[in-house]
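Please keep the sequence and the structure in view while reading.

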Amino acid sequence: MFEPLKAKYFEAPTLELSRDLLGKILVHEGPEGIVAGRIVETEAYMGAEDRAAHSFGNRRTKRTEVMFGRSGLVYTYQMHTHTLVNVVSGPEDEPRAILIRAVEPIEGIEFMAERRGHHMPMKQWTNGPGKLTKALGITMDYNGHHFTERPLYIAEGEAVHAVSTGPRVGIGNSQEAVHYPYRFWESDNPFVSKFRP
DNA sequence: ACCCAGATCATCT
DNA sequence: GATGATCTGGGTC
């Protein structure tokens with residue numbers, strides 16, 4: 001089946017890792033069974049110097065604390081009623097993270113359908129950061145977990161065909177950071193999220 | 001295009 | 001202790 005990647009994998013520079021995570025498999029071995037999705041969209045948040053990052057200016061709160069830890073840790077946070085999941089990146093005390101914005105359903109289709117609602121077309125199950133956490137059953141309980149460990153981990157996958165880059169989504173008030181090309185997605189993949197105008 | 005659900009945090013009072 | 005903003009999604013208009 002799927003095997004977790006080693007901790008060393010997550011030590012790559014943040015932008016490189018954001019690009020490389022495309023095609024990898026996000027796996028959750030939940031109580032009901034295995035659900036997995038192929039990562040097709042990510043966004044890098046570059047820590048102290050990035051106005052769009054929670055950790056801008058090394059802001060350290062209960063929420064951002066895990067971003068200061070070692071690479072490969074799970075950073076989850078709530079956006080209104082939704083949970084969003086990030087991969088912590090960079091050495092300790094460099095509070096960088098990569099937001100997983102979209103995945104392509106691979107395994108456990110029936111569990112995803114159940115959690116997202118059978119009336120919804122498959123394309124809309126996981127094409128957004130709040131949607132994929134719900135589809136895969138990822139909750140705030142995983143904050144501080146490590147992506148090399150079951151039951152929530154990242155595994156080797158199928159290489160991406162082509163990668164596009166562009167500005168990040170939904171960071172309107174972040175001044176100069178608004179235009180940084182820190183969003184990565186697999187070109188023409190139908191499970192990539194819609195840009196928010 | 002708007003509305004609202006409501007966790008977390010900064011910035012008030 | 002209250003308010004306003006946010007890395008969003010679903011429903012409705």
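Helices (H or I, at least four residues) and strands (E, at least two) are DSSP runs, and they are numbered from the N terminus. In these terms D188 is placed in the segment after β8 (183–186). The model is a predicted one, and the values below are computed from it.

Of the atoms of DNA strand C that come within 4 Å of the protein, 64% belong to sugar and phosphate.

A polar backbone atom of H54 is 3.0 Å from a base nitrogen of DNA strand C, while a base oxygen of DNA strand C lies 3.1 Å from a polar side-chain atom of H80. At the phosphate, an oxygen of DNA strand C lies 3.0 Å from a backbone N or O atom of G130. The elements that give two or more residues to this surface are β3 (74–79), β4 (82–89), β5 (96–107) and α3 (129–136), and α3 gives the most, with three residues.

## The surface near DNA strand B

Around DNA strand B are the residues R59, T61, K62, R63, Q78, H80 and T81, and sugar and phosphate account for 62% of the atoms of DNA strand B that come within 4 Å of the protein. By class, the residues of this surface divide into no nonpolar, four polar and three charged.

An N or O atom in the side chain of R59 is 3.5 Å from a sugar or linking oxygen of DNA strand B, and a polar side-chain atom of T61 lies 3.0 Å from a phosphate oxygen of DNA strand B. The side chain of H80 has an N or O atom 3.4 Å from a base nitrogen of DNA strand B; a polar side-chain atom of H80 also lies 3.1 Å from a base oxygen of DNA strand C.

Most residues other than glycine have a negative phi, and most peptide bonds are trans. H80, which lies in the loop between β3 and β4, has a positive phi of about 50° although it is not a glycine, and it counts as exposed because its relative accessible area is 72%, where exposed means over 50%.

D188 likewise is not a glycine and has a positive phi, of about 65°; D188 counts as exposed because its relative accessibility is 78%. A cis peptide bond, with omega about 10°, joins R150 and P151, and P151 lies in the loop between α3 and β6 (152–155).

Helix α2 (residues 109–116) has F111, M112, A113 and R116 among its buried residues, and what covers the buried residues of α2 includes β2 (33–45), β5 and α3. After α2 comes G117, whose phi is positive, near 105°.

In strand β7 (residues 163–166), G166 counts as buried because its relative accessibility is 7%, the cut-off for buried being under 20%. Leaving aside neighbours within four places in sequence, G166 is in contact with Y180, P181, Y182, R183 and W185. Of these, R183 is 17 residues from G166 in sequence, whereas the C-alpha atoms of the two are 5.2 Å apart in space.

Definitions and conventions. Residues numbered from 1 in each chain as written. Chains lettered and ligands numbered in written order. Predicted model: local features only at pLDDT ≥ 70, side-chain atom pairs only at ≥ 80, totals over all residues. Heavy atoms only, no water. Near = heavy atom within 4 Å. Polar contact = N/O pair within 3.5 Å; in protein donor to acceptor, adjacent residues only side chain to side chain. Buried < 20%, exposed > 50% of the residue type's maximum accessible area, 1.4 Å probe, protein only. Contact = heavy atoms within 4.5 Å. Nonpolar A, V, L, I, M, F, W, Y, C, P; charged D, E, K, R; others polar.
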